[in-house]
Amino acid sequence: MSIRVLLVDDESVTRRYIARLPLWERGDFSLCAQAQNAQEALAYLARHPVDVLLTDVSMPGMDGVTLAAKVAQRHPGVAILAISNHDSYTFVRGMMHNGAHDYLLKSQLDERSLEDALRRAATQAQDRGRDGNRIHLRQQIQAWLAGTAPSPFPTDGARLAVVIYTLATQEPAPPVVDGLLRLMEQEDVPGTYRIALFRPPHQVLLFCRFYEEPSTAAIQARLFAWCQQHIRESRDAFYLPITGEICPPMRDNQTLLAYVAYRFDANPTAQPVPSMTLSIAQQRALLVAMEGRDVPATQVLIRDALADAGPPRLHIALEILDLLAQVAQEQGTALPEELAVTRRYDWIVARSGDSLGQDIAQIATRVLSARQEHPPADHPLIAQVMTYLAAHYAEPIGLGDIAAHVGSNASYLSRAFHKQTGSTLVKHLTHLRLEAAKALLLSQTPLKQIAAQVGFGQYTYFLKVFKQNTGLTPKQYLSHVSKGKESAATRQNG
């Protein structure tokens with residue numbers, strides 16, 4: 001794979017000269033894009049992968065020194081190579097201080113010198129790698145938090161936030177810590193940057209920078225989504241329960257530092273962060289109450305869960321609404337339109353802490369009461385299943401196939417189907433196949449052909465299932481039905 005190079009220079013002559021060099025045609029390097037200023041370069045980097053940034057130093061507006069600093073912070077895996085008409089020590093020092101791998105004078109720039117410099121920069125970047133850059137940045141953050149170094153984050157207008165995770169285990173093993181940091185930093189969203197830092201003995205700080213988010217609410221929603229994902233993946237991957245606390249978005253480094261210092265350094269004996277999620281016991285109690293149509297118990301459990309939740313109230317409220325939506329779907333109803341998935345966050349934020357529990361309890365009362373007005377046939381998910389089975393019972397389908405078709409998971413679908421119909425999916429599928437087999441019996445279709453046509457496959461299995469469910473063999477059933485018809489005809493003629 002060729003090394004991707006982004007060229008940044010305000011001089012069109014220089015850009016054309018570099019772009020026409022034969023080195024781009026040999027396959028080791030590709031000139032993926034050209035930018036005439038730093039802003040264009042940053043916009044491109046936010047959306048496209050780049051291996052090496054080849055940038056001029058002296059440019060109108062944001063110069064190469066400032067650009068290098070921003071790239072080093074936002075995209076630490078990108079190698080930086082400087083070109084300039086100036087051989088001033090000030091320029092050289094500024095570029096090298098901000099992470100440039102080399103500094104070339106335009107007056108001495110030719111194909112061989114550029115290719116050698118690009119290859120060295122790419123090699124050094126690969127040797128140091130993304131992990132090495134992040135390790136270096138974490139060390140800078142540690143020094144900043146300790147007050148022994150300036151902030152490693154540039155002052156560039158980005159919104160800042162930190163999520164504080166508390167681990168259930170004191171001093172986890174180094175591989176677990178490394179895995180957690182990787183998990184929390186992966187899948188960078190365009191316009192954002194994340195760096196995670198372990199704070200012994202049992203906390204992780206996730207620093208987040210937002211360059212394009214339109215509002216505080218949008219940032220908080222994204223932070224919440226990340227936090228829930230990390231809590232879930234930590235339990236799945238490392239069997240390690242964690243909780244998280246999201247700080248409000250901020251606009252400058254000093255405010256962020258003050259928040260972290262207040263949260264930890266000013267009170268080193270602070271109590272652990274309260275849980276952001278319902279406990280397993282709370283979830284179980286709520287589900288039992290909701291599924292049992294116990295409205296008073298549901299109201300009490302909701303109010304109690306939110307009464308002492310503190311700052312995590314938002315996240316616990318969302319989890320309660322998710323449970324309620326799950327039960328409502330299972331019973332053939334739904335939450336009000338104002339509590340659609342995309343609107344729940346804003347609905348919760350618009351309510352004060354005192355009224356939130358009461359409002360959700362009232363919603364639960366309406367939903368659980370409305371359940372009784374809808375018979376099982378009204379359940380949209382079960383209706384989809386019934387339609388699918390009626391059309392495909394003769395095919396070799398199983399529970400997994402049915403769940404995949406209706407967009408559900410097998411365990412949930414099995415439980416919901418049983419609650420609504422009093423039967424299992426397997427029994428219902430067998431019933432459909434047997435009814436079709438009975439109709440074919442009356443048309444004198446051979447038994448082996450019937451077994452294949454209705455989905456039983458093996459002839460002996462068909463005979464066994466038929467006898468178990470009807471008490472008769474297929475031939476006995478056909479004889480029984482024929483005698484019944486003869487008796488009915490005799491009574492009618494008599």
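**Entry 1: surface and overall make-up**

Accessible areas here come from the Shrake-Rupley method with a 1.4 Å probe, and for residues only the protein chains shown count as cover. On that basis I find that the protein exposes about 24,600 Å². Carbon and sulfur atoms supply 52% of this area.

I note that this is a predicted model, where local features need pLDDT of at least 70, side-chain atom pairs count only at pLDDT 80 or more, and totals for chains, interfaces and linings use all residues. Residues are numbered from 1 along each chain as its sequence is written, and side-chain values use heavy atoms, with hydrogens and water left out.

I looked up burial next. Buried means under 20% relative accessible area, exposed means over 50%, and partly exposed is in between (1.4 Å probe, protein chains only). Of the 494 residues, 46% count as buried.

I took helices (H or I, at least four residues) and strands (E, at least two) as DSSP runs, numbered from the N terminus. The protein has 20 helices and nine strands.

Contact means heavy atoms within 4.5 Å. Among contacts with a separation of 6 or more, 67% are between residues 24 or more positions apart.

**Entry 2: the nonpolar cores**

I define a nonpolar core as a set of buried Ala, Val, Leu, Ile, Met, Phe, Trp, Tyr and Cys residues joined through side-chain atoms within 4.5 Å. Which members of the largest core touch the most other members? They are Ile141, Leu145, Val162, Met184 and Phe207, in a core of 41 residues. I listed the elements that each supply at least two residues: α5 (111-146), β6 (159-167), α6 (174-185), β7 (192-199), β8 (203-210), α7 (216-238) and α8 (253-265). The largest share, seven residues, comes from β6.

I then listed the contacts of Phe207, leaving aside neighbours within four places in sequence. They include Ile141, Trp144 and Leu145. Phe207 also touches Phe153, Ala161, Val162 and Tyr193. Leu256 and Val260 are on the list too.

I count two strands as paired if DSSP finds at least two bridges between them. An open sheet of four strands runs in the order β7-β8-β6-β9, with antiparallel pairing. Its edge strands are β7 and β9 (242-246), each pairing on one side only. The twist averages 20 degrees from one strand to the next.

I checked two of the pairings. β7 and β8 pair over eight bridges, in the antiparallel sense. A hairpin joins β7 to β8 through three residues. Phe198 has Val204 in β8 as its bridge partner. β6 and β9 pair over five bridges, also in the antiparallel sense. Thr166 stands opposite Thr243 in β9.

What lies across the sheet strands β6, β7, β8 and β9? It is α6, running at about 160 degrees to β7. For such angles, axes are lines fitted to C-alpha atoms, for helices over the stretch in contact, and angles run from 0 to 180 degrees between N-to-C directions.

β7 is mostly covered, with seven of its eight residues buried. Thr192 sits in β7. Is Thr192 buried or exposed? Thr192 is buried, because its relative accessible area is 10%. Not counting residues up to four places away in sequence, Thr192 touches Arg209, Phe210, Tyr211, Arg222 and Trp226.

Gln203 belongs to β8. Gln203 has a relative accessible area of 7%, so it counts as buried. The C-alpha atoms of Gln203 and Val177 are separated by 9.8 Å, and these residues are 26 residues apart along the chain.

**Entry 3: two helices elsewhere**

I turned to helix α2 (residues 38-45). Its buried residues are Ala38, Ala41, Leu42, Tyr44 and Leu45. Seen down the axis, they fall within an arc of 160 degrees, so they line one face of α2. The arc is that of the directions from the helix axis to the C-beta atoms. The cover over these residues includes β1 (3-8), β2 (29-35) and α3 (64-74).

Last, I looked at Leu425 in helix α17 (residues 425-442). Leu425 counts as buried because its relative accessibility is 6%. Beyond neighbours within four places in sequence, Leu425 contacts Val385, Leu389, Leu399, Ile402, Leu413, Ser414 and Phe417. Leu425 and Leu413 are twelve residues apart along the chain, with C-alpha atoms separated by 8.8 Å.
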